[in-house]
Amino acid sequence: MSVITLTTDMGLKDYYVPAIKGAIYAELPDAKIVDISHDIPSFDISQASFVLKNCYSSFPKGTIHIVGVDPEPKNEKRNVALEYDGYYFIGNDNGIFSLMFDKVPTRVFELTIHSESTFLIRDKFVPAACHLARGGTLEVIGTIATEFNRMQPFRAVVEGNVIRGTVIYIDKYGNVITNVTQQLFADVGRNNPFSIYFRRSSYEINRINRTFNEVPEGEKVAMFTSGGHLQIAINKGGEGSGGGANKLFGLKLNDIITVEFESQFIGHDN
Amino acid sequence: MSVITLTTDMGLKDYYVPAIKGAIYAELPDAKIVDISHDIPSFDISQASFVLKNCYSSFPKGTIHIVGVDPEPKNEKRNVALEYDGYYFIGNDNGIFSLMFDKVPTRVFELTIHSESTFLIRDKFVPAACHLARGGTLEVIGTIATEFNRMQPFRAVVEGNVIRGTVIYIDKYGNVITNVTQQLFADVGRNNPFSIYFRRSSYEINRINRTFNEVPEGEKVAMFTSGGHLQIAINKGGEGSGGGANKLFGLKLNDIITVEFESQFIGHDN
Amino acid sequence: MSVITLTTDMGLKDYYVPAIKGAIYAELPDAKIVDISHDIPSFDISQASFVLKNCYSSFPKGTIHIVGVDPEPKNEKRNVALEYDGYYFIGNDNGIFSLMFDKVPTRVFELTIHSESTFLIRDKFVPAACHLARGGTLEVIGTIATEFNRMQPFRAVVEGNVIRGTVIYIDKYGNVITNVTQQLFADVGRNNPFSIYFRRSSYEINRINRTFNEVPEGEKVAMFTSGGHLQIAINKGGEGSGGGANKLFGLKLNDIITVEFESQFIGHDN
């Protein structure tokens, strides 16, 4: 029996999420349900894609990820079930999947399950997920989709020896996570010395640490997340703990972070 | 093994909810536990009844719903286990069940499980729930209750061709849910044109939509919830997303919403 | 299959907690995972120890408690797995366990599982927990620890017939929980009359109640928690419900609460 996960913006105070879980148990008495998050900002497919992208592959292969953010199809868009990297995803073809995946999904199916209900996640996504969890095939619940909504995630830009990235996520601790990937950093930087600048020019960071505790408490630190994104943090900082990097540096979503590498031929002395 | 659900006002930061879950697992190693919500406003049996009423029947028949809001019996009141619509409910006879059910429960039992503990949910409701989850009967854990606390839910009032309802719930998105039911709306309205008025007279809505996306983003919309309640919403509105209907229209719990139908014989032109 | 619990300060909005759960399911398809809390104040091992101390033993013996607050070892400290009271605990030897336990743990092992990852909870604590959940032994995943971080919890002080305690926790309802234990209260008080003073001298409480409802709604009440701590509360008080004891009495963490018993020989009349 596959695990079924839930990613929504519904919060935990209302009856929506338990109704979804009840419907899963009504179909699959031995279901295993895991909450990814229900605290996605309302309708924010960009934040939802970041959260799910960074944890979907920790689950066992075959896990079915229900994405319940902005689930209502609009215009010619449709609800889809798709296979990617050995996992199933069910949701609305509103661009969230293209934001999440680096490659093209293995197979995309337009859901043919019909429901008069307006509670699409419970009455359309759940039956699809239970079908897959029982070992059913995509062909039974959908038809091959000929189109697929392709939104481009906002990527960091390289200009010579400079990477211009943006803040794409701020976590619970106020850690500021950027779209500068470890791979891009290595490719552009080639181990040259660098300065990371953000917003107020008076702050900069000149090294990457591996763990928070390599710097003193309350000190700024640049690290790569387990998902390979450059993040700016304060060791032991956070709400109620002296403030996180977002507060201390006044950083918000979409703010620019610049990494400037010294040229190889100029050397380290300027 | 039946599912056991939890509805409380205890929040998720303290040790109360995990202690309850631990006690369930200690009795039933294969328990299936689902959180309905732990974010019910403190002691608010009206809000708790709304949340559970709208999702209890999504669960498989036989599910045991523990209601841990205001669990301490007071005066002659008592803790009860009851059967309704093929489901079990365990809680305090503080009126919450009469607010939740449209009909009389099939059977109501006063719990005879004794505990010196003051942690009633863990030490009294959990043993009762585990007994039922194992297939045990109500007779073993209680005696038939001769009385049952009957509180009247606040219903919408009809005056000729006008329905005067109230706001009974505001969800995470700021959607404003009323006690005007789809059935009442159909009975009184008989498909006549109508105006929905709320608070500031300058706003009104003249149609019911089936889905949010039938109106543009940021536009007001009236719909029936999956539970059959008239709700006023803003498509894609919400906290951090332009504001929900509650903010934009200044609507709060218990505010009045009026639906005025045109008389059949006057026609549509006044 | 043992239950695995999670206590962290990671919150529920990010990908961290679901990544941990996914990793558990990837190793143990039939895992039973229970959230203790993810709302521990950031890096606050004192609050974390209070929460887990008060619920760990509600779980079945053999349950494995993962403690993911401040998980990074610092200086000579290390990650440990230990056995206490028939339960397993996995976490960082940052003092949290000595704050939580009244006695010395049965066995303490320094984790030898190596991981290059910086996501220690997912990549080090989870494999250790899964090993134990499968019935594996501590010896396989660690070496006996020769040292163990001993922090002293802040205990109440007795001066003659006075107990000077402090506020160690404030719960969701604003109930103010102190480090004055029921045992200490009985030992020092010997059933003599007493006054409980807190902050503003104009307030005092002269009796201990067993349940909240023994006093009228909105009235102050002193009780012992199910965990045996003296707490000051307002019956039916709380956020959005007239204010909890913390708000009404202006009480904060670490504030002093004094219990003054009348001397046995002076009698009750002064």
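1. Two strands are taken to pair if DSSP finds at least two bridges between them; helices (H or I, at least four residues) and strands (E, at least two) are DSSP runs, numbered from the N terminus. This is a predicted model, in which local features need pLDDT of at least 70 and side-chain atom pairs count only at pLDDT 80 or more, while totals for chains, interfaces and linings use all residues. Residues are numbered from 1 along each chain as its sequence is written, chains are lettered from A and ligands numbered from 1 in the order in which they are written, and side-chain values use heavy atoms, with hydrogens and water left out.

2. In chain C, seven strands make up an open sheet of mixed pairing, in the order 2-1-3-5-4-6-7. Its edges are strand 2 (32–37) and strand 7 (142–144) of chain C, each of which pairs on one side only. Strand 6 (residues 107–111) of chain C pairs with strand 7 of chain C in the antiparallel sense over three bridges, and C:Glu110 stands opposite C:Thr143 in strand 7 of chain C.

3. Chain B touches chain C through 29 residues of chain B and 34 residues of chain C (contact means heavy atoms within 4.5 Å). Between them these chains bury about 2700 Å², 51% of it on carbon and sulfur atoms; buried area is the accessible area (1.4 Å probe) that two parts lose on being put together, summed over both. B:Lys13, B:Tyr15 and B:Glu72 supply 26% of the area that chain B buries against chain C, more than any other three residues.

4. Three salt bridges cross the interface of chain B and chain C (a side-chain nitrogen of Lys or Arg within 4 Å of a carboxyl oxygen of Asp or Glu). In one salt bridge, B:Asp30 meets C:Lys32 at 3.9 Å, N to O. Helix 1 of chain B gives the most to the side of chain B that touches chain C, with eight residues.

5. The contact between chain B and chain A takes 34 residues from chain B and 29 residues from chain A. Chain B and chain A bury about 2700 Å² between them, 52% of it on carbon and sulfur atoms. Three salt bridges are counted between chain B and chain A; A:Lys74 forms a salt bridge with B:Glu217, with the closest N and O atoms 3.0 Å apart. On the side of chain B that touches chain A, strand 2 (32–37), helix 2 (45–53) and strand 9 (162–170) of chain B are the elements giving two or more residues. Strand 2 of chain B gives the most, with five residues.
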